[in-house]
Amino acid sequence: MAVAQAPEDVKNLFEMYSENGLMNADGLHKFLVEYQKEDETTTDDAQKIIDGSKHLPKNGLHVEDFFRHLFSDTNSPQVSLGVHHDMNAPLSHYFIFTGHNSYLTGNQLNSDCSDVPIINALKRGVRVIELDIWPNSEKDDVHVLHGGTLTAPVTLLKCLSSIKEYAFVSSDFPVVITLEDHLTPDLQAKAANMITETLGDILFTPGPEVFKEFPSVETLKKRIIISTKPPKDYTEAKEDKDKENDSKSDKADDEVEMKKAEPHENKPKQKKAPEYKRLIAIHAGKPKGGLDECLEVDPEKVRRLSLSELELEKAAETHGKQIVRFTQRNMLRVYPKGIRVDSSNYNPMIAWLHGAQMVAFNMQGCDKHLWLMHGMFKANGQCGYVKKPDFLLNTNEIFDPEVKHSEKTILKVTVYLGEGWYYDFDHTHFDSYSPPDFYVKVGIAGVPADKQMTKSKIVEDSWVPSWNQEFEFHLTMPQLALLRIKVHEYDMSKKDDFAGQTCLPVSEIRSGIRAVPLMDKKGDKYNNVKLLM
């Protein structure tokens, strides 16, 4: 099969920084600093790259060695600074990697409930896990399941044990468990004991007072936090009927109303479980009234509000600045509309643009919006917390999401070539009788003014396609922009085949020539497929 050849740009750069067909450590160092903008790189670092080359002599790189270095996994397109955002701000100052119905293995109606998707989410860096807790059929234990559906339950104890075991395998920063509570007070007390005994010292328990400001992410390292509505005196929890036809099956903990049951004359009043209430660090709730009441900022306490994706869209039309003001101190959780029974997701950008910290996603799917979520949380060392841009946190001048902003920067992207499909795919996967016909789609996901998608030419009959095309993107808010990259194989008779994707935060993209690894539909990295860009 064909082997990838160095593009002209790479050959020209080699000529510029080499002598007599050899690039020594000084030349490579100069290239890395001047062209790749790797200011911290030393001559010793350059020599290590030369020493690691497969070819001899070790006193420099030939053009092929130089090309293979640029096309290697060590030449990442993203800055590798680890956690580098200020982590000493309150929780409300961060976008948080958030799951929705974290226990479901598949669709929202009849898939199994399990701790496996919870474990998978935590391994990927998700920091907010949602559990719907219900009495079991005997009313003597607590189950996790999607109420009103055919989903098979899993025990709360099993979920808690797995959360404890896997909470900090990918990140030391706090895990929040949001509970949608349908329990009687006696089972709330039982749940409180399970939570306390299972999680032990890593459970964060607040004092008796409600927070005036959320603690910092740094101070909550390696702690698990509980968030739900504080319980009321009477028990029968009942889902509110959604007034909107297209979201009748929406559910969220803030839409579950603790309704007073008519007490029978001889029935004793059931008391709330104080030990359960004491565990709640982030109080959730939706105040009575309209949007103005929901978005009211109380200087004496902070809280969490939940809105469906449809509720947020409608609120954003009339209350955009109020939402931003609310999210500067308080938490806003956005969740998928109820008709997404296939566990699909929505565009997260509108929520992020309004400062919503918890944009809750179904992590078991493989849709394009989930790829954006993965892209956003590749930032800040993939720790699950991304500091919100300063313009969303400025209390002196509240940001207006409706106002169009001027251009801040121009991003130029050149796609040179790709390789790896020959090794990662069956040789008849794309076409039974000939090599594939690949093309690349490159674009921006971001605020409406920045959103764009472009397409390369189709390179026919090649496992190692060479495009050599440049694209230009004019960005008004690079802080929220994500670079989308997707490869397809052209098919004349049916839908084009998927051949890889990735999504990168523009704020952390490194300039220069980089090797960009591609992911499959679920967001897992291929072994060999990558682009030179």
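Okay, let's start with a lining. By class, the residues around the second largest cavity come out as three nonpolar, two polar and two charged. Bear in mind that what we have here is a predicted model.

Who are those residues? As for volume, the second largest cavity comes to about 40 Å³. And how many cavities of 30 Å³ or more does the structure hold? Two.

UniProt, in an unreviewed entry, puts a "domain: PI-PLC Y-box" at residues 306-392. In the model, that span is 44% helix and 15% strand, and its end C-alpha atoms sit 19 Å apart.

Side chains of opposite charge can pair when their charged atoms come close. The structure has 12 salt bridges, and I'll go through a few of them.

Take Glu 419 and Arg 68, whose side chains form a salt bridge at 2.8 Å, N to O. Glu 419 is in strand S14 (residues 409-419) and Arg 68 in helix H4 (residues 63-70), so this pair ties together distant parts of the chain, 351 residues apart. Is Glu 419 buried or exposed? Buried, with a relative accessible area of 14%. Arg 68, on the other hand, counts as partly exposed, at 29% relative accessibility.

Next up, Arg 333 and Glu 130, with a salt bridge at 3.0 Å, N to O. Here strand S11 (residues 331-335) brings Arg 333 and strand S2 (residues 128-135) brings Glu 130, another link between distant parts of the chain, with 203 residues separating the two. Both Arg 333 and Glu 130 are buried.

Then there's Asp 172 with Lys 222, at 3.8 Å, N to O. This pair sits in loops: Asp 172 in the one between helix H6 (156-166) and strand S5 (175-181), and Lys 222 in the one between helix H7 (185-199) and strand S6 (224-228). They are 50 residues apart. Asp 172 is partly exposed at 34% relative accessible area, and Lys 222 is partly exposed too, at 42%.

Last one: which residues join Glu 38 in a network of salt bridges? Arg 510 and Arg 514.

That's my tour. Over to you.

Note on methods: Residues numbered from 1 in each chain as written. Predicted model: local features only at pLDDT ≥ 70, side-chain atom pairs only at ≥ 80, totals over all residues. Heavy atoms only, no water. UniProt positions renumbered as here; feature names shortened; annotations may be inferred. Helix = DSSP H or I, 4+ residues; strand = E, 2+ residues; numbered from the N terminus. Salt bridge = Lys/Arg side-chain N within 4 Å of Asp/Glu carboxyl O. Buried < 20%, exposed > 50% of the residue type's maximum accessible area, 1.4 Å probe, protein only. 1 Å grid on protein atoms, 1.4 Å probe; cavity = no way out; pocket = protein on both sides within 12 Å on 5 of 7 lines; lining within 4 Å. Points joined across faces, edges and corners; volume = space filled by probe spheres on them. Nonpolar A, V, L, I, M, F, W, Y, C, P; charged D, E, K, R; others polar.
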